[in-house]
Amino acid sequence: MKATVLDATAPDGSGAPPGGGAAPAMSAGPIAEQAAGDGNGSYRRPRTIRIRIKRQAGPDAEARWEDFDVPQRPGMNIISCLQWIAAHPVTADGVATTAPVWDAGCLEEICGACTMLIDGKVRQSCSALVEKISTDGEPITLEPMTKFPLVRDLYVDRSRLFNDLKRVKAWVPIDGTYDLGPGPRITQKQQEERYPLSRCISCGCCLEACPQYTPVNRFVGAAVISQVRLFNEHPTGSALKDHRMKEMMSEGGVGDCSKAGNCVQVCPKDIPLLESIARVQRDATWYALKKLIGQ
Ligand code: SF4
Ligand code: SF4
Ligand code: FES
C-alpha cells in the first residue's frame with residue numbers, strides 16, 4: 001500500500017511521512033495518537049487501535065494470538081479492521097503473517113455470518129463499532145465462536161443450526177406450481193406477536209451463550225425452539241406442527257433447556273426467547289398428554 005500521511009504502517013515500519021520528513025516515534029501503547037511537523041506544515045497520524053486475533057489454521061492446528069495495529073477511522077467497525085489487516089498482514093511486531101479468515105455477508109446485521117467473540121462477548125462484527133468498544137487501553141480481542149466447528153481463524157461452520165431448522169421443518173409448506181389462493185387472514189395482534197420472532201438472523205449468539213448447547217449433544221437451542229413457535233402458530237405452518245412437536249419431545253428438544261436465560265441476553269434482535277421456550281414447552285406437555293390418552 002502506498003504510504004500517505006494517514007498511513008500508520010509505512011512499508012519500512014518507520015511511519016515516515018511523504019517527502020522525507022522526520023518520522024515520529026511509534027507509540028508502544030495499544031492506542032496511540034501521534035502528531036509531528038515536517039517543516040512544511042504539520043501532519044497528524046491517526047490513532048491506531050490494537051486488534052488481537054486468535055489464529056488457528058484449521059480445526060486441529062495449534063491456536064496462537066497475533067496483534068495488529070490498525071489506523072482508526074471514524075465509524076470504523078470490526079469488519080473494516082479485519083479488512084485492513086487482510087490488506088496489511090503484518091503483526092504489531094513487524095512480522096509478516098497470513099491474512100486472517102472470517103465470514104461475512106450482508107454487513108448490516110442481517111445474515112449473522114460475521115458473528116464472533118469480541119472482547120469475549122458474542123456479537124456481530126459488522127455492527128461492532130470500534131469507537132463504542134471500551135478498551136481501557138487494552139487490545140480488542142477477536143475469537144471464533146466455540147460451539148460450532150472451527151474452519152479457520154474466526155470462521156466457523158454453522159451447518160448444525162441450519163440442519164436443526166430443517167429437522168423441525170421451520171417453514172410454511174406452500175411449495176407448488178398450482179394456485180393456492182389467498183393465504184389465511186392474520187390479525188394485527190397476531191402479526192405484532194409473531195413479527196419479533198421472524199427477526200431471527202440465525203447468527204448463533206444464543207447458542208454460544210447457552211450452557212446446554214454443546215458441540216457433543218443434540219440440543220437444538222433457543223433459535224430453533226423460537227422458530228418452532230413461529231411456524232406452529234402460523235395457520236398454514238401449523239400443518240407440520242405434529243412433526244415439530246415430535247422433534248421437540250425427542251433428544252435435543254425443548255426438554256433439554258434449563259431456562260437459565262443466557263440466550264435472551266445476547267440475542268441481537270431482542271427476540272423473546274424465554275417466552276417462546278415456555279410456549280413450546282407448554283405445547284410439548286399438552287402434546288404428550290394427548291398421546292398418553294390416545295388422541
Ligand atoms: S434458557 Fe438457557 S438453557 Fe434454555 S436455550 Fe436459553 S440459554 Fe439455553
Ligand atoms: S434467536 Fe437471536 S441470537 Fe439466536 S440465532 Fe436468532 S437472532 Fe441470533
Ligand atoms: S455480515 Fe451479515 S450480520 Fe454481519
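This is a predicted model: local features need pLDDT of at least 70, side-chain atom pairs count only at pLDDT 80 or more; totals for chains, interfaces and linings use all residues.
Visitor: Why is Leu107 called partly exposed?

Guide: Leu107 has 16 other C-beta atoms within 10 Å, and since a residue is buried at 20 or more and exposed at 12 or fewer, Leu107 is therefore partly exposed. Leu107 is found in the loop between α1 (78-87) and β4 (115-118), and its phi is near 60 degrees, a positive value in a residue other than glycine.

Visitor: What makes Glu109 partly exposed?

Guide: Glu109 has 18 other C-beta atoms within 10 Å, a count that lies between the limits of 12 or fewer for exposed and 20 or more for buried, so Glu109 is partly exposed. Glu109 too has its place in the loop between α1 and β4, and its phi is positive, about 55 degrees, although Glu109 is not a glycine.

Visitor: How do you know that the buried residues of α2 line one face of the helix?

Guide: The buried residues of α2 (residues 159-167) are Arg160, Leu161 and Asp164. Seen down the axis of α2, these buried residues fall within an arc of 100 degrees, so they line one face of the helix. On the other side of α2, Ser159, Asn163 and Lys166 are exposed, while what covers the buried residues includes α4 (205-209) and α5 (221-232).

Visitor: Which residues are the closest of those that surround ligand 1?

Guide: Of the 13 residues that surround ligand 1, the closest are Cys210, Ala222, Cys257, Ala260 and Cys263. The elements that give two or more residues to this shell are α5 and α7 (262-266).

Methods. Residues are numbered from 1 along each chain as its sequence is written. Chains are lettered from A and ligands numbered from 1 in the order in which they are written. Helices (H or I, at least four residues) and strands (E, at least two) are DSSP runs, numbered from the N terminus. The arc is that of the directions from the helix axis to the C-beta atoms. Two residues are in contact if their C-beta atoms, placed from the backbone, lie within 7 Å. A residue is near a molecule or strand if its C-beta atom, placed from the backbone, lies within 6 Å of it.
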